[in-house]
Amino acid sequence: MTIEFILFVGLFVVTIGIVAIGVLLAFNLLKKYNQPFVQTLLYQQIFSFSFLVYGIWGKIAIQQLTTNIAIEKELLDKVLFYIPLLGLPFLFISWYMLIKLVMLLKNKTTNLWVVSGFFVVYPVLFTVGLIVCQNNFLGLEVPQTAILPRIFLLLNITIQLTGMAIYLLIRHPLKNKNLPRINPGYMAVYLIVLVFYSVGLWLVHIHFSIAAAAILLLFLANGSISVMIHHSLLKIPTEESLQELDFIEFCNQYEISKREAEIIQEICSGKSNKEIAEALFITLQTVKDHTHRIYTKTGIKNRTQLANQVREKLNA
């Protein structure tokens with residue numbers, strides 16, 4: 001086993017772990033918050049990681065598998081060159097989802113013209129760049145293995161900087177408190193990582209260690225988008241936490257004790273006095289005494305009125 005092989009096996013394990021964290025974190029956020037921007041985040045993570053895993057690790061896997069196989073170098077180079085191209089739809093969709101995510105974070109939407117223009121302009125730019133590099137129209141000596149990484153690099157930088165510019169230039173909507181604010185410090189770190197892996201991709205043909213570092217940073221940068229959104233959402237109360245605060249306010253308003261609050265919650269869940277006694281490990285008479293005191297404090301006459309008043313408070 002060569003050092004290069006061991007390095008890339010370890011790197012593969014690490015990057016797959018990053019993929020799992022990024023996608024699962026976005027999925028859990030969707031279950032918890034169920035906001036359009038979180039759904040877009042999940043799609044962005046899935047499509048971008050799909051391209052990265054297929055385009056990068058598919059190419060490396062074929063390189064390793066054909067090491068001891070008698071195959072013409074020219075044919076192998078063509079195969080390795082065109083493999084990542086098959087994953088381009090995933091790449092373009094992930095770039096669009098990134099822009100859409102930024103727009104949604106500012107409570108903006110992308111119209112049909114923007115969508116159509118995006119999926120026309122960027123494939124055309126990619127194709128033009130590919131033709132120019134392959135035919136050396138600019139007189140630049142670009143190694144065959146570096147053509148696709150450099151085209152990806154230039155378009156990716158354009159997308160990333162466009163997304164940052166949109167986020168920084170559009171004012172955050174004050175009325176919508178459910179939209180997170182991304183910490184500028186996180187964006188600065190993200191920009192630094194972008195610069196480092198871009199330099200690595202530009203020099204990817206020089207040495208395998210540079211390629212390995214660039215790949216790691218590329219996966220980390222993409223996964224960090226989920227982490228940034230997650231950390232920003234921690235400052236926004238969920239519906240459950242808001243209801244909990246409302247219930248606490250309800251109990252403070254009527255000077256409800258901790259035990260009485262537990263009984264109110266059980267009553268609202270539809271349990272009988274006997275079921276409440278069993279659930280809280282108290283006697284049936286204790287439940288009745290607490291219930292009577294609750295009625296006295298709140299001015300309520302029966303269980304139905306109590307449950308309705310609590311629900312009205314939580315849904316207010």
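Guide: Gladly, and a word on the ground rules comes before the labels. This is a predicted model, where local features need pLDDT of at least 70, side-chain atom pairs count only at pLDDT 80 or more, and totals for chains, interfaces and linings use all residues. Residues are numbered from 1 along each chain as its sequence is written, and side-chain values use heavy atoms, with hydrogens and water left out.

Visitor: Is phenylalanine 118 buried or exposed, and what relative accessible area tells you?

Guide: Buried means under 20% relative accessible area, exposed over 50% and partly exposed in between, with a 1.4 Å probe and protein chains only. Phenylalanine 118 has 9%, so it counts as buried. Tyrosine 96 is likewise buried, at 9%.

Visitor: Why is the aromatic pair of tyrosine 96 and phenylalanine 118 called tilted?

Guide: Rings of Phe, Tyr and Trp (its six-membered ring) pair if their centres lie within 6.5 Å; planes under 30 degrees apart are stacked, over 60 edge-to-face, and the rest tilted. Here the centres are 5.8 Å apart and the planes make 55°, so this pair is tilted.

Visitor: What does that pair tie together?

Guide: Tyrosine 96 lies in helix H4 (residues 88–105) and phenylalanine 118 in helix H5 (residues 112–135), so the pair links parts 22 residues apart in sequence. Helices are DSSP runs (H or I, at least four residues), numbered from the N terminus. Both rings also belong to one aromatic cluster, whose members include Trp95 and Phe152.

Visitor: How do you know that the charged end of lysine 106 sits over the ring of tyrosine 167?

Guide: The rule asks for NZ of Lys or CZ of Arg within 6 Å of the ring centre and within 35 degrees of the ring normal. For lysine 106 the distance to the centre is 4.1 Å. Arginine 150 sits over the ring of tryptophan 202 in this way too, 4.4 Å from its centre.

Notes. Helix = DSSP H or I, 4+ residues; strand = E, 2+ residues; numbered from the N terminus.
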